[in-house]
Amino acid sequence: QVRLTEIGGGWVQSGGYLKLSCLASERIYTWTPMAWYRQVQGKEREFVARITDRGATEYAESVKGRFTISKVSYRSTLYLEMTNLKPEDTAVYYCTITDSDSWGQGTPVTVSS
């Protein structure tokens, strides 16, 4: 099973920027579908963004236009660029290989108003 490690979370003020990275322990391919989710304590994990096996990207309505998902396969890394961050983006962010049991441990993002 591929191990995933998220890094790049932290504290930022409203309107700020963060770039999350998800490093895979094994090679990932251009056709490997991956996604970002986030979870607030006490709530269910929610979908943020995905990149399909064909390279298409999809976003939750709440982040569309502000977040960008990308993948650099030869680096085995998935990214999530987050701009114009809002307090409601505060959560622990997780990456996953779509439809697999591979999840990272999460990286916390805190956006203050």
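Modeller: Let me start with strand E8, which is mostly covered: five of its six residues are buried. Keep in mind that this is a predicted model.

Colleague: What is E8 paired with on the E3 side, and how do you know that the two strands pair?

Modeller: Strand E3 (residues 18-24) and strand E8 (residues 77-82) share six bridges. Pairing takes at least two bridges. So E3 and E8 count as paired, in the antiparallel sense. One of the bridges sets Cys 22 against Leu 78 in E8.

Colleague: How many bridges join E8 to E7?

Modeller: Six bridges join them, and the two strands run antiparallel. Lys 71 stands opposite Leu 78 here. Four residues lie between the strands of this hairpin, and Ser 76 takes a positive phi near 50 degrees.

Colleague: What is the strand order in the sheet?

Modeller: The order is E1-E3-E8-E7, four strands in an open sheet with antiparallel pairing. Strand E1 (4-7) and E7 stand at the edges because each has a single partner strand, which leaves one side of each without a neighbour in the sheet. On average, neighbouring strands are turned by 15 degrees against each other, direction ignored.

Colleague: Now the lysine. Where does Lys 71 lie, and why is it said to have no salt bridge?

Modeller: Lys 71 lies in strand E7 (residues 67-72). Its nearest side chain of opposite charge is Asp 53, 9.4 Å away. A salt bridge needs the nitrogen and the carboxyl oxygen within 4 Å. Therefore Lys 71, although buried, has no salt bridge.

Colleague: What does the side chain of Lys 71 reach instead?

Modeller: It reaches the backbone oxygen of Tyr 29 at 2.8 Å. The backbone oxygen of Thr 30 lies 3.1 Å from a polar atom of the Lys 71 side chain. The limit for a polar contact is 3.5 Å. Leaving aside neighbours within four places in sequence, Lys 71 is in contact with residues including Trp 31, Met 34, Ile 51 and Leu 78.

Colleague: Why is Asp 89 called buried?

Modeller: Its relative accessibility is 1%. Buried means under 20%. So Asp 89 counts as buried. Asp 89 sits in the loop between E8 and strand E9 (91-97). Beyond four places in sequence, its contacts include Val 63, Phe 67, Val 109 and Val 111.

Colleague: What makes the pair of Arg 38 and Asp 89 a salt bridge?

Modeller: The N to O distance is 2.9 Å. The cut-off is 4 Å. So the pair qualifies as a salt bridge. Arg 38 lies in strand E4 (residues 34-39) and Asp 89 in the loop between E8 and E9, so the pair ties together parts that are 51 residues apart in sequence. At 5% relative accessibility, Arg 38 is buried.

Colleague: How far apart are the side chains of Arg 66 and Asp 89, N to O?

Modeller: They meet at 2.7 Å in a salt bridge. This pair links distant parts of the chain, 23 residues apart, with Arg 66 in the loop between strand E6 (57-59) and E7. Arg 66 is buried, and so is Asp 89.

Colleague: Which residues make up the network of salt bridges?

Modeller: Arg 38, Glu 46, Arg 66 and Asp 89 are linked in it. Arg 38 meets Glu 46 at 2.6 Å, N to O. The whole structure has five salt bridges.

Colleague: Why is Glu 46 called partly exposed?

Modeller: Its relative accessibility is 37%.

Colleague: Buried or exposed: which applies to Asp 99?

Modeller: Asp 99 has a relative accessible area of 82%. Exposed means over 50%, so Asp 99 is exposed. It is found in the loop between E9 and E10.

Colleague: What about Asn 84 and its phi?

Modeller: Phi of Asn 84 is near 45 degrees, again positive in a residue other than glycine. Asn 84 is in the loop between E8 and E9. At 41% relative accessibility, it counts as partly exposed.

Methods. Residues numbered from 1 in each chain as written. Predicted model: local features only at pLDDT ≥ 70, side-chain atom pairs only at ≥ 80, totals over all residues. Heavy atoms only, no water. Buried < 20%, exposed > 50% of the residue type's maximum accessible area, 1.4 Å probe, protein only. Lys, Arg positive; Asp, Glu negative; His and termini not counted. Polar contact = N/O pair within 3.5 Å; in protein donor to acceptor, adjacent residues only side chain to side chain. Contact = heavy atoms within 4.5 Å. Axes fitted to C-alpha atoms, helices over the stretch in contact; angles between N-to-C directions.
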